[in-house]
Amino acid sequence: MRLGTCVRRLRHQAFRTSMDIEIGEGALSGECRDSATPAQAATRPGRSIGQRHLSTSASATYKAQKKFVEILSESAMSTQLTASLTDIPLQTLYRLLQPITVHSTSSHPIFSNWGKTYHCTPLAVFEPESEFQCELVLELARREGKVVKAVGVGHSPSDLACTNEYMLRTTKLNRLLEVNAEKRYVVAQGGITLHDLHAQLAQHGLAMMNVGSISDQTLAGIVTTATHGSGITYGVMSTHALGLNLLLADGSRVFCSRNERPDLFIASICGLGATGLILSVQLEVEPAFRLKEIQESMSFDEFMHRYDQLVYSAQHVRFWWFPSSDTVRCSYSDRSKEPKNPAGSWWWHTFWGYHVTQLFLFFARYFLFLNTWISHYTCWLISSRTVGVDDGHSIFNVDCRYPQHTTEWAVPYRKSQACLREIRTWLEEESMDPNGIRPHVPVEIRFSAPDDIWLSPSNGQRTCWIGIVQYKPYGFNVPYRRYFGGYETIVARHQGRPHWAKAHQLQPDALRKLYPRFDDFIQVIEDVDPNGMFRNEYIQRHIFGMPVSGRIFKSRPA
Ligand SMILES: Cc1cc2nc3c(=O)[nH]c(=O)nc-3n(C[C@H](O)[C@H](O)[C@H](O)COP(=O)(O)OP(=O)(O)OC[C@H]3O[C@@H](n4cnc5c(N)ncnc54)[C@H](O)[C@@H]3O)c2cc1C
């Protein structure tokens, strides 16, 4: 039997049974007797999409629909399926989505970002295990006129991944699909975490070329936000994306790269998820390598004096600055053939560095001056020169400690020394004031090479990233707005561009001045997603200038 015939027959059966069980499609699409939309029903405790409509008399139909699912699922021919998807009765669609719908079991928000700084309660959260199921989610959203926001592991320290409508969690789309060691690329699904990717690449003697402070994120998450590591000759990680398989808002799947649909590609590799759902990424890799890292501390003045020389002294250079202690911890890493010899010990890093420091930070919520002592203490803990050799990703990654408020801006390299000096002067003034800011430490300083990605903060310029943090010891909140406000004023004066994954307040007018291709980016979104399926609140606010509060997903929205 041809697929089309089979689908038609089953569709007919499915329609009949929906009438048998008294509730037709209209009831499911907003005309339900208790006036709840299916999405609301899905998020109610103990409820699920379609569940309340499934009576025992429906079991015969259910079998038919199950068959329908099997037939559709077995076929991976997307063009044929796209045509069929639009014909699926709405009730059948709900049932198809039921197994991948995560149900809310309490009145608490069902999504919080890693930093526990933004929370949301989407109408429904879907966890697809196949690309076909992603198509179904988009089909439902299209019919209901809902936004779909893809989310990886929610590590963005802003509301970038939040939505009040449909959330599509990608973490079960996590397979390595292709390895080409000779041409040095792999293809992996967008939801694979970097930890998993490192492990699987290692089996093939390969590794990612540059990694940031952690490897918890998903591959698509780092690509869409231009996540960066450090190294003045290394681009942000999006520069290692060679091609993308996207599922667009109209249900079509497309491949894009620098040669095929280049505008869509360049827009998507720092596209904040607004161009489409990234199904898989073709990623440039290199033979597995170890890094030898040397760490040493020096005064801020010496750091400034030797700045250029230090930044260029190794492949991957980064600094952690402790303003209250006037000290900079420097890290220089180069590829090495030496045997593994990791530096540090559990006792030092975990007991003193993590647990004791967290206790101090907790007390510092009440006694502000303690923050200065914590800075001296942590500076002392890491004061000696260390040398360590380990797998590249183990050296790149650091302990990011506790849930936190954090922000980071990219300043043109040529302006970075002046910017750092200005931050220092400001914090010195604050330290003289008994009620002044006592920042948590360290300030993280990293670098990346110029690129041509429209929304990359490194677009067209060598970049110095300056990141600040206020930890939330044991999850308790700490003041941060005054510190972040003062910092943002200074970095903005030095033509800084905010990290897209981190909270900021820039509107389209300001962003347009910072990004010469900003309007080209908008044009691509308008072309591939004219109805705004992928425009969550963050995109509406920052890209389209809609009046959506930046605190909409805060515990205290005011
Ligand atoms: C502790 C910590 C350390 C960090 N270190 C660094 C660092 O060193 N350098 C740096 O630059 N950043 C860093 N970040 C930021 C982090 O890399 C980014 O926020 C990254 O996007 C998180 O990935 P994720 O999988 O959690 O994505 P999410 O936060 O879940 O989503 C981020 C964006 O990606 C989009 N997205 C996710 N999957 C898809 C998909 N399949 N298709 C389309 N869009 C998708 C989402 O829609 C959203 O717009 C850090 C964050 C934390 C919390």
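A: Strand β18 (residues 404-412) and β20 run antiparallel and are joined by nine bridges; strands count as paired if DSSP finds at least two bridges between them. This is a predicted model, in which local features need pLDDT of at least 70, side-chain atom pairs count only at pLDDT 80 or more, and totals for chains, interfaces and linings use all residues. Residues are numbered from 1 along each chain as its sequence is written. Helices (H or I, at least four residues) and strands (E, at least two) are DSSP runs, numbered from the N terminus.

A nonpolar core is a set of buried Ala, Val, Leu, Ile, Met, Phe, Trp, Tyr and Cys residues joined through C-beta atoms within 7 Å.

The loop between β19 (443-448) and β20 (463-471) holds D451. D451 is buried because 21 other C-beta atoms lie within 10 Å. Its C-alpha atom is separated by 9.6 Å from that of Y234, which is 217 residues away along the chain. Beyond neighbours within four places in sequence, D451 is in contact with G235, V236, T239, S456, S458 and N459; contact means C-beta atoms within 7 Å.

Elsewhere in the model, β12 (277-284) is largely enclosed by the rest of the structure, because six of its eight residues are buried. Strand β8 (residues 185-189) joins β12 through five bridges, antiparallel, with V186 as the bridge partner of L283. Strand β10 (residues 241-247) pairs with β12 in the antiparallel sense over six bridges, and here L247 stands opposite L277. L277 is also one of the contacts of L168, along with F126, P128 and V137, among others, when residues within four places in sequence are left aside.

L168, V137 and Y166 have the most contacts inside the largest nonpolar core, which has 86 residues. Helix α7 (residues 131-144) gives the largest share of that core, six residues. Domain 1 (1-107) and domain 2 (290-505) both contribute residues, so this core lies between them; the domain bounds come from an automatic or database assignment.

β12 also gives two or more residues to the shell around the ligand, as do β5 (148-151) and α9 (219-224). The shell has 34 residues, and the closest are G152, G212, G221, G273 and A501; a residue is included if its C-beta atom lies within 6 Å of the ligand. The largest share, four residues, comes from α9.

G212 of this shell is touched by F396, which also touches V211 and G229, not counting residues up to four places away in sequence. F396 lies in helix α15 (residues 392-396) and is buried because 25 other C-beta atoms lie within 10 Å. F396 and V211 are 185 residues apart in sequence, yet their C-alpha atoms are 5.9 Å apart.

Conventions:
Buried ≥ 20, exposed ≤ 12 C-beta atoms within 10 Å, placed from the backbone. Contact = placed C-beta atoms within 7 Å.
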